[in-house]
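Open the model in your viewer and have the selection tool ready.

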2 protein chains.
Amino acid sequence: MSESSLLKELVDALRCLPGVGARTAQRMAFHLLEHDRQGGERLARVMAAAMQNIQHCERCRTLTEQTICRLCSNPARDASLLCVVEHPSDVVAIEQATAYRGYYFVLGGRLSPLDGIGPDDIGLDRLEQRLDEGSVQELILATNPTVEGEVTAHYISELAAKRQVSTSRIAHGVPMGSELEYVDSGTLSHAFEGRRKY
Amino acid sequence: MSESSLLKELVDALRCLPGVGARTAQRMAFHLLEHDRQGGERLARVMAAAMQNIQHCERCRTLTEQTICRLCSNPARDASLLCVVEHPSDVVAIEQATAYRGYYFVLGGRLSPLDGIGPDDIGLDRLEQRLDEGSVQELILATNPTVEGEVTAHYISELAAKRQVSTSRIAHGVPMGSELEYVDSGTLSHAFEGRRKY
Ligand SMILES: [Zn+2]
Ligand SMILES: [Zn+2]
């Protein structure tokens with residue numbers, strides 16, 4: 001790659017994308033430079049703006065460029081329902097797959113004492129405040145069905161129990177040990193409908 | 001994706017990358033925003049610089065941010081050898097796989113009358129000037145072994161013949177109908193060694 005150090009840098013920078021190795025990164029760089037400069041310029045512009053402006057919603061902790069995200073700002077949603085998920089991508093998956101009309105709370109991870117991730121690191125202090133507001137009647141636990149996801153769900157159910165808020169856990173069809181984000185729409189929708197008291 | 005229009009825009013912008021569909025683009029966007037903001041910022045910066053500054057070398061037409069690329073500027077290469085390839089990525093592949101020490105000429109495509117791509121569109125006017133300079137003694141035709149690549153090689157061999165410049169064609173081991181860029185190093189190196197008079 002001796003002809004251009006900037007090209008080499010671009011190939012290297014592209015490798016920050018998940019699943020992109022040296023060969024794929026090189027193909028991407030050449031494709032943009034030879035066939036889609038406009039696309040590359042737009043990507044650079046949007047990427048810079050996104051990295052700088054997208055932060056976490058102060059209410060639900062999902063990713064947004066606003067202080068309070070559009071979903072939290074929507075007064076037409078059902079304030080008696082709050083769905084707890086691990087990742088912002090889970091919100092997208094649930095919105096696309098189900099008819100759920102309540103609000104969300106995004107942990108941004110799961111309890112993992114071995115990695116030093118405790119309740120405050122996944123925003124449970126803020127979730128408690130949210131429950132203390134008094135409008136949530138059902139807390140839907142949609143953490144991933146992994147060991148740590150289950151532990152997190154259990155921990156949160158106790159926070160809810162203390163406040164007489166009922167909890168449910170999405171159920172049927174989500175294969176154990178998998179990541180919620182990659183489940184197909186039908187399974188996810190079914191799991192939502194079939195949620196049971198936790 | 002109703003929580004953020006900028007996130008939606010980022011996902012959309014990422015789809016300019018070859019082989020990246022909606023799902024992969026979404027995974028990439030979330031990965032950068034949640035786990036690698038620095039990587040995303042660097043990618044944005046390098047991408048912008050690359051799209052703006054990388055142009056074609058005035059001598060060999062490969063991609064470079066300099067007027068004359070590093071390879072063309074290297075006086076230690078053998079000026080009696082000139083290798084003609086279709087794409088800048090072919091130069092990288094040959095440099096990595098072979099012991100070739102001559103110079104290159106990058107067509108940026110191949111003759112394709114049906115698509116309206118004629119000799120001047122692939123820089124053959126400039127290649128003729130290059131041959132007229134008189135130092136090239138062997139022109140190595142390394143266009144892809146496709147129908148259009150062969151037609152292009154044949155056309156160029158006639159330009160060389162008019163000037164008493166001998167031509168060779170890389171040979172053994174490159175599977176017909178494939179793209180030179182994706183051939184493994186050993187095969188490509190072998191093909192280079194085994195080139196025959198065209
Ligand atoms: Zn929100
Ligand atoms: Zn050059």
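A residue counts as buried when its relative accessible area is under 20%, as exposed when it is over 50%, and as partly exposed in between. Keep in mind that this is a predicted model.

**Stop 1: chain A as a whole.** You will find seven helices and seven strands. Starting at the N terminus, their order is α-α-α-β-β-β-α-β-α-β-α-β-α-β. Switch to the C-alpha trace, which spans about 65 × 35 × 35 Å along its principal axes. Of the 198 residues in chain A, 52% are buried. Among contacts with a separation of 6 or more in this chain, 57% join residues 24 or more positions apart.

**Stop 2: a helix pair in chain B.** A pair of packed helices is described by the angle and the distance between their axes. Select residues 124-132 of chain B, which form helix H5, and residues 147-162, which form helix H6. The two axes come within 10 Å and cross at roughly 30 degrees. The crossing of H5(B) and H6(B) is right-handed.

Stop 3: Most residues other than glycine have a negative phi. Select A:Arg61, in the loop between strands S1 (55-56) and S2 (63-64) of chain A. Its phi is positive, about 70 degrees, although the residue is not a glycine. Is A:Arg61 buried or exposed? A:Arg61 counts as buried because its relative accessibility is 17%.

Next, select B:Arg61, in the loop between S1 (55-56) and S2 of chain B. Phi of B:Arg61 is positive too, near 70 degrees. With a relative accessible area of 18%, B:Arg61 is buried.

**Stop 4: B:Arg70.** Finish in the loop between strands S2 (63-64) and S3 (78-85) of chain B, where B:Arg70 is found. B:Arg70 has 41% relative accessibility, so it counts as partly exposed. Draw a C-alpha to C-alpha distance from B:Arg70 to B:Cys57: the two are 13 residues apart in sequence and 9.2 Å apart in space.

Conventions:
Residues numbered from 1 in each chain as written. Chains lettered and ligands numbered in written order. Predicted model: local features only at pLDDT ≥ 70, side-chain atom pairs only at ≥ 80, totals over all residues. Heavy atoms only, no water. Helix = DSSP H or I, 4+ residues; strand = E, 2+ residues; numbered from the N terminus. Buried < 20%, exposed > 50% of the residue type's maximum accessible area, 1.4 Å probe, protein only. Contact = heavy atoms within 4.5 Å. Axes fitted to C-alpha atoms, helices over the stretch in contact; angles between N-to-C directions. Left-handed = near helix turned anticlockwise from the far one by under 90°.
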